[in-house]
Amino acid sequence: MSYITDEARAPWRALEPTIDLPGQSLEEIVANNPGRRTILKNGLLGLSILPMMGALAACGEDDGTSTPAPAPTPAPTPTPTASYAIAFSSVASSREDKVTVPAGYTVDVLFSAGDVVEAGAPGYKGSFQPSSETEKQAGGNHDGMEFYELVGVDPNAGGLLAINHEVADYNILFSGSYNAATATAEQKLLALSAVGVSVIEVARGADGKWAVKAGSKYNKRYTGNSFYTPSGPAASALSASIKGTLNNCSSGRTPWGTYMTCEETTNNYLDPTQPNNDYGWVVELDPYAELTSLPKKRTAMGRFSHENVAYMADSSNRVAFYMGDDTTPGCIYKFVPSAAYSSTNRAANTDLLDSGTLYVARFNADGSGEWRELTQGKNGLVPGATDPGNVSQGPATPVTVNFATQSDVLIRTQAAARVAGGTIMDRPEWLTVAPDNSAVYCTLTNNSSRQVADAANPRTGNRNGSIIKFKENANSPLATSFTWEIFVLAGDPSLSAANGGNANLVGNINGDTFSSPDGLRIDPKGRMWVQTDHSITSTSGVAGKALVDVFGNNAMFHVDQTTKLSKRFLVGPVGCEITGIAYTQDLKTFFINIQHPEGAWPVAGAQPRSSTIVVRRTDAQPVGN
């Protein structure tokens, strides 16, 4: 969650007492599209047998003659085998106003707030613009994103990026700050134009640099001024046509190639005249614009402050979607559709997310866990139910909640989760699933107000956060039980009691330390990447030291899943959050988002702008090597 979002939502929290109480990538598409799998296999096979065929052709029969064999044709110089080993040298923490990467890497800015998306927009050129123009340009605060291949295009040289815009970069829209109560109609249009999603076609040029493909038919904005259709069990309780999606924090994808943008707010704080129930959902859209029934707000997946979505699928095409609620209190959820998905017919999946079972995770003290079903009539979800409230922050006053229908459960998912016995976590952010389904990880970014610890959230006053790991029974998305462990506790040894801090601030990181883990993704080669979002101005817990004094600017790390060794890969410019990660099939191009920079980045002497950057090696080897 951007601190800008946190500030913007603050005035409305008290108005929602029942909710806020006091206190995957190309490889996934290939795996699920047999036709594409066949093409890739045939291509690889054709390459692999060429040397062998050449050797066979050079072999003559042993006929007893003495005719000398012709000199063998020199073998071509083999292409170096790509290495996916983590061999980069860690970069030092930094407070410089630039993006820092290891030696041998390059950084290019690809797509900044205000850049052209749809045809007819002039793009930001340093002065304020009307909403009729900004509606067709890149929004602000770039966050979660996904890369999609295009038929007939080398997936390592081009494709689509779907990019979330959490909140506006107000500094390029109008003077001063935004106040919904006093904003003019045009200011509302401007603010709402800068949230939502951008879909852009990108391509690598002959010089190796990536750029947005201007005029592409795929380039499209989905904004806070667009309209969306609700679907699923709670649809009838929402507006028939909903104005806007906003607070589009992180994201996810489906096995059938659609994009899932997550609304990390349960009201429209930019335009409070809109009904609260219309917000707080996962929105499914099609980056290819082939499925005309989309976009839709999928109510079966629950209403809360959604951070991201990560899926696990099995060999029978059954799938589970994992989600975190980035609030205090917040829980971890999974949604299992009632039916298997089709890997051959995308259109057959357009209603798949409207029917299924929503669960909340309960982490038991003995390392076991269970998924509690959030279905009306089960686990206490009945009329007159008692919501215990946010017990993580001390005594709470229970409230009565009436769950008379499944719609009630879904609209008040946060209360339903607590009633059903879900564990209140330290602000669940991103989840990621190991490629072999052997583990699921979740970043718990922090909870400095926690007063009551438990096994899964063992620190009171948790300023630095943690990462939790759980393993589904039989590695199945359909499992109703799991085992779990705390993977890492974030912090730094300099924050010990001997230095004026306390044991809860130290953590147990092996290697480069960090605070407030947020972005999280395991790439197709099983390498875990962690991105941070610690507050720049907040105290570290040691008098006279802010978090930035201890950890530097926010950064991106590789963390080994076995040794837990942490290596700092990238450091962002002043004031930013590092978020969003996508990559090409060969892992030689990484796309990373720099959110809300506060200095003079990316262009010296100009307004700071949230941006998507491209990170590559200079020797064309995979990133991380």
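In the predicted model, strand S3 pairs with strand S4 (residues 196-204) in the antiparallel sense, over 8 bridges. Glu 146 has Ala 162 of S3 as its bridge partner.

The burial of S3 was examined next. Of its 8 residues, 8 are buried, so the strand is largely enclosed by the rest of the structure. The cut-off for this assignment is a relative accessible area under 20%. In a regular strand, side chains alternate between the two faces of the sheet.

Glu 166 lies in the loop between S3 (158-165) and helix H5 (185-193). Its relative accessible area is 0%. Because buried means under 20%, Glu 166 is classed as buried.

The largest cavity holds about 90 Å³ of space. Its lining comprises 14 residues. Those nearest the cavity centre are Gly 114, Thr 134, Ala 138, Ile 172 and Leu 173. By class, the lining of this cavity divides into 7 polar, 5 nonpolar and 2 charged residues.

How values were computed: Residues numbered from 1 in each chain as written. Predicted model: local features only at pLDDT ≥ 70, side-chain atom pairs only at ≥ 80, totals over all residues. Heavy atoms only, no water. 1 Å grid on protein atoms, 1.4 Å probe; cavity = no way out; pocket = protein on both sides within 12 Å on 5 of 7 lines; lining within 4 Å. Points joined across faces, edges and corners; volume = space filled by probe spheres on them. Nonpolar A, V, L, I, M, F, W, Y, C, P; charged D, E, K, R; others polar. Helix = DSSP H or I, 4+ residues; strand = E, 2+ residues; numbered from the N terminus. Buried < 20%, exposed > 50% of the residue type's maximum accessible area, 1.4 Å probe, protein only. Pairing = 2+ DSSP bridges.
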